[in-house]
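Student: Could we go through this model together, one question at a time? I would like to see how each answer is reached.

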Amino acid sequence: MSGAALGLEIVFVFFLALFLLHRYGDFKKQHRLVIIATLLAWYLCFLIVFILPLDVSTTIYNRCKLAVNSSPAENNGSYVTLAPSKQKCFKPWSYIPDGIMPIFWRVVYWTSQFLTWILLPFMQSYARSGGFSITGKIKTALIENAIYYGTYLLIFGAFLIYVAVNPNFNLQWNQLQTIGIAAANTWGLFLLVLLLGYGLVEIPRSHWNGAKRGYLLMKTYFKAAKLMTEKADAEENLEDIMEEVRKVSESIKYNHPLRKCVDTILKKCPTEYQERMGRNMDDYEDFDERQNSYPSEKSLAKLHKQVIYSVQRHRRTQVQWQILLEQAFYLEDVAKNESSATRQFVHTFHSQEPENKIIQYFYTPTVEWYWECLLRPWFYRVLAVVLATFSVIVVWSECTFFSTKPVLSLFAVFIQLAEKTYNYIYIEMACFLTIFFLSICVYSTVFRIRVFNYYYLASHHQTDAYSLLFSGMLFCRLTPPLCLNFLGLTHMDATISHKNTQPTAYTSV
């Protein structure tokens, strides 16, 4: 099984990232480079979360092997003996051979850093640009990123000048690399505190409120009223933009040099607007070169950008409105069926999509009634209590992880108890559940937050390219400090435990 667990998790995480991306992105309409870049960012971040427990179990086995093979005289204090000197060390089923994990972590870490600081920001500007050529979009992206990173370079340059002038510092390349990693982790930890704090409270609370049918129905009504306003605003904005497109299309005739730009804009418009503009346009009328009312290419690029945004927003609100209506109707059906004497769930409106025959065979109206009207509220309450307990443990461990004598972090206590018996299955399960819960709290907040209408992850393939790339940037910036925080909570980081023990391969990066 040597290395087999690593290979299985690499394959599993890839399909997990692909499934989530398919749920939020649109493989048919969005650019392939956007899909590939976002998939790579999500994949690398999820991979770190799933592989880190294997790194922990392998490190514990290596510590045991070193303690058994080295006597205190031979050790010279290099490593602390974690087991009796002649105790046999059992190799874990998921043991990863020496030399693989350090290379693996370096490739994953530096690839994710390249994505989050260089490639994804450039692709964001490229995707948001309204240019009509690849060269124009690249130029716009370079200018925007030069302005953005100019501030960082100015601060970093001032720091380098200060270090070069100060005779007390002898800065080398390795030290610069360490400073860069520390700066990235500091920025990631700042985001981590905000997102993790929100997730630790919101996830148990949302599941507890999920057991309240009346609360869910009233919340759905409120969302419907809010979405109705947004939907009307999106329709009005689309009408205004289409009116501008119509005027531009009528003013710039077929033999005008900018007509190709107008045709590109028209292709991004909804089909009904394209047909309407096509009927009202006289293609055989020449343009008058003496007129000075023609828009410039820069203004057309701005209009192109507005068209892409307004069409995407209009389509997203339409889809979300239909989904929210179905959800409201279903919650109303649940409220009506609670007092059903036949104990069979009756739908007012049936779904237009064909149901799976296997699911329909097992999930009968009677089973649906027992689940929706009887079991589901209690299941959500129990799940909310379990999640709230996890949140309390995380908060306690975060506040006490620096204490090593006595060890107050509960996660460190669990790992150290399992380490004494070398129960690797328990160690990996405990590590996985811990980091998985932390990741759910952080990543779910990334999926929930909404920055006006520029960043918004919408399910059912309604997320635009800008938001997908931005989520990839956030994941790559949050995951490394999240994993370091996890290693600190479990005292697997030597800087926290203050033990001169062999570090994990991830910490060595």
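Student: Is W371 buried, partly exposed or exposed?

Tutor: Happy to start there, and keep in mind that this is a predicted model. Buried means under 20% relative accessible area and exposed means over 50%. W371 has 29% relative accessibility, so the residue counts as partly exposed.

Student: What kind of aromatic pair do W371 and F379 form?

Tutor: Their ring centres are 5.8 Å apart, with 55° between the planes. Planes under 30 degrees apart count as stacked and those over 60 as edge-to-face, so an angle in the remaining range gets the third name. F379 itself is partly exposed, at 43% relative accessible area. The W371 and F379 pair is tilted.

Student: How many aromatic pairs does the structure hold, and what kind is the one between Y109 and W110?

Tutor: The total for the structure is 26 aromatic pairs. Y109 and W110 form one of them, at 5.1 Å centre to centre and 80° between the planes. Y109 is buried at 6% relative accessible area, while W110 is partly exposed at 36%. With planes over 60 degrees apart counting as edge-to-face, the Y109 and W110 pair is edge-to-face.

Student: Which ring does the charged end of R381 sit over?

Tutor: Look for the ring whose centre is 4.9 Å from that charged end. The ring belongs to W378.

Student: Which residues touch the most other members of the largest nonpolar core?

Tutor: That core has 80 residues, and its largest share, 21 residues, comes from helix α2 (residues 32–69). Leaving out residues up to four places away in sequence, W105 touches I48, I51, L52, D55, A505, Y506 and V509. The residues that touch the most other core members are W42 and W105.

Student: How many residues are in the other core, the one with L238 and Y273?

Tutor: This core lies apart from the largest one, and I241 and M242 are also among its members. Its count is 19 residues.

Student: Which side chain makes a polar contact with the side chain of Q113?

Tutor: Begin with the setting: Q113 lies in helix α4 (residues 100–128) and is buried, with 11% relative accessible area. Beyond its neighbours within four places in sequence, Q113 is in contact with I118, A184, C476 and P480. The polar contact is at 3.0 Å, and the partner is W117.

Student: How far apart in space are Y424 and P53, C-alpha to C-alpha?

Tutor: Y424 is in helix α14 (residues 424–448) and is buried, at 6% relative accessible area. Setting aside neighbours within four places in sequence, its contacts are S57, I60, Y61, F90, K91 and P92. Y424 and P53 are 371 residues apart in sequence, yet the distance in space is 9.8 Å.

Student: How far apart are the end C-alpha atoms of residues 224–251?

Tutor: UniProt, in an unreviewed entry, lists these residues as "coiled-coil region". In the model the span is 100% helix and 0% strand. The end C-alpha atoms are separated by 40 Å.

Student: What are the end-to-end C-alpha distances for residues 378–396 and 425–446?

Tutor: Both spans are among those given as "transmembrane region" in the unreviewed UniProt entry. Residues 378–396 are 100% helix, with ends 27 Å apart. Residues 425–446 are also 100% helix, and their ends are separated by 31 Å.

Student: Where is P406, and is the peptide bond from K405 to P406 cis or trans?

Tutor: P406 lies in the loop between α12 (365–400) and α13 (410–421). Omega for the bond from K405 is near 0°, and the bond is cis.

Student: What is the value of phi for H460?

Tutor: H460 lies in the loop between β2 (455–456) and α15 (465–489), and is partly exposed at 36% relative accessible area. Its phi is positive, in a residue other than glycine. The value is near 60°.

Terms used: Residues numbered from 1 in each chain as written. Predicted model: local features only at pLDDT ≥ 70, side-chain atom pairs only at ≥ 80, totals over all residues. Heavy atoms only, no water. Phe/Tyr/Trp six-rings, centres within 6.5 Å; stacked < 30°, edge-to-face > 60°. Buried < 20%, exposed > 50% of the residue type's maximum accessible area, 1.4 Å probe, protein only. Lys NZ or Arg CZ within 6 Å of the ring centre and 35° of its normal. UniProt positions renumbered as here; feature names shortened; annotations may be inferred. Helix = DSSP H or I, 4+ residues; strand = E, 2+ residues; numbered from the N terminus. Polar contact = N/O pair within 3.5 Å; in protein donor to acceptor, adjacent residues only side chain to side chain. Contact = heavy atoms within 4.5 Å. Core = buried A, V, L, I, M, F, W, Y, C linked by side-chain atoms within 4.5 Å.
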